[in-house]
Amino acid sequence: MNELAIKDLLYKLADDQLILGHRNSEWTGFGPILEEDIAFSSMAQDKIGHSLAFYTLLQELGEADPDTVAFTRNANQFHNSQLVELPNGEYDFSLIRHFLYDNAEIIRFEMLSQSSYEPIAKVATKLKGEVKYHVLHANTWIKNLGSSTEEAILRLQSSLNEAIPYALGMFEPSKYEQELIDAGVYAGEEAVKAEWLKRIEAVIEKTDLKLPDLATIEPKMGGRYGEHTEHLQPLLDEMAEVFKIDPTAEW
Amino acid sequence: MELTKENILTLLEEVKDPEIPVLSLVDLGVITGVDISDEDHVTVNMTPTFAGCPAMDYMKKDVERTLEKHGITNHTVIMSFDKPWDSNKLSEKGRRHLKEFGLAPPPKYDLILDLDILEHVKCPYCDSENTDLRTPFGPTLCRSMHYCNDCRQMFEQFKPL
């Protein structure tokens, strides 16, 4: 198997989780209710743990150690989708992003748990159980709030419309897409997207929300190869603030 | 002490989960293997409960400290996902200790997690199943929060995973 293809896959998995983990952590102390504060903080901790598992696999393939990789790259060296770097906005936007992202993430992990590339398969087998809780959380709130008050429905619908082009950007194909598919690493982005669509539709159908017509939407691609919004670099600067002052600091 | 797998596991009974001090790592199910080489080198394999659990590093160091306290200096402790943890790996003794500690033990299940198995967890205080899931996220990554409609208390569950 081409090692560059595996690294490409690992970087996008790890970076998505690191960046969304950081965004989730921004809810700590600010959640609309205590339980949601704890939920987003817990998911932050999970996601940063998941990114560490993938950065560790990268280190085994000869990349720098996880802290160096996480804290010393600039925005144009990150492989995360633009969806995860967008500011939290209000709770409705964070919830919609969480719903769109985690429903895709769990499919990736389910597929990767069957991967021909054993180190990824082992990690994915472990992590899919944890992400299940994230999906249950997102789906429960979308179902509850998506059919509750007029304001809740309007807010969620507007966030959904805003997030959808970025969500489609999660499925930007890899430079090594066909190679990864042929080698049985996983079924590829188109397959993830098709299954994702089925799952999010099944939830949205139970609410008063409407999924925009995806055929009319231009996906926000580029994140997988370093094209990012203006929001990523400030996030990285903040995340790496302590590390840049003292790389040996423990906190 | 003779260096055998059984003896090492007995020693490791001393090492407790720092967040649930009644539960040993052996009962938690995170010790996935003990090997003793012909040269008496002891290798302990461990796996995290949750990948982001901040206590895992502490537990690994605690295993090393415990081995050394018992004079076993020729050792390697490895943390990996080779044999991933799931909550069915909690021992019966561990489950009993959890309940005594006031934490509902996770149900044994077929590893297909759905809302049903989270919704009516048995209350560790009064054994009622008339309970509701309040949130799947609790004070630590491995706990969810529930409410008992009979004894009217909040309680936590060690989550099925």
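This is a predicted model: local features need pLDDT of at least 70, side-chain atom pairs count only at pLDDT 80 or more; totals for chains, interfaces and linings use all residues.
Q: Which strands of the open sheet in chain B stand at the edges, and why is one side of each left without a neighbour?
A: The sheet has three strands with mixed pairing, in the order E3-E4-E5 (chain B). From one strand to the next the twist averages 15°. Each edge strand has a single partner strand, so one of its sides has no neighbour in the sheet; the edge strands of chain B are E3 (31-36) and E5 (75-79).

Q: Which residue in E4(B) is the bridge partner of Ile31(B)?
A: E3(B) pairs with strand E4 (residues 42-46) of chain B in the antiparallel sense, over five bridges. The partner of Ile31(B) in E4(B) is Met46(B).

Q: Which helix packs on the sheet touching E4 and E5 of chain B?
A: Helix H1 (residues 5-12) of chain B touches E3 and E4 of chain B, and its direction makes about 135° with that of E3(B). The helix touching E4 and E5 of chain B has a direction at about 165° to that of E5(B); this is helix H3 (residues 55-69) of chain B.

Q: How far apart do the end C-alpha atoms of residues 119-159 of chain B lie?
A: An unreviewed UniProt entry places the feature "domain: PaaD zinc beta ribbon" at residues 119-159 of chain B. This span is 2% helix and 39% strand, and its end C-alpha atoms are separated by 12 Å.

Note on methods
Residues are numbered from 1 along each chain as its sequence is written. Chains are lettered from A and ligands numbered from 1 in the order in which they are written. Two strands pair if DSSP finds at least two bridges between them. Helices (H or I, at least four residues) and strands (E, at least two) are DSSP runs, numbered from the N terminus. Axes are lines fitted to C-alpha atoms, for helices over the stretch in contact, and angles run from 0 to 180 degrees between N-to-C directions. Two residues are in contact if their C-beta atoms, placed from the backbone, lie within 7 Å. UniProt positions are given in the numbering used here, feature names are shortened, and annotations may be inferred rather than shown by experiment.
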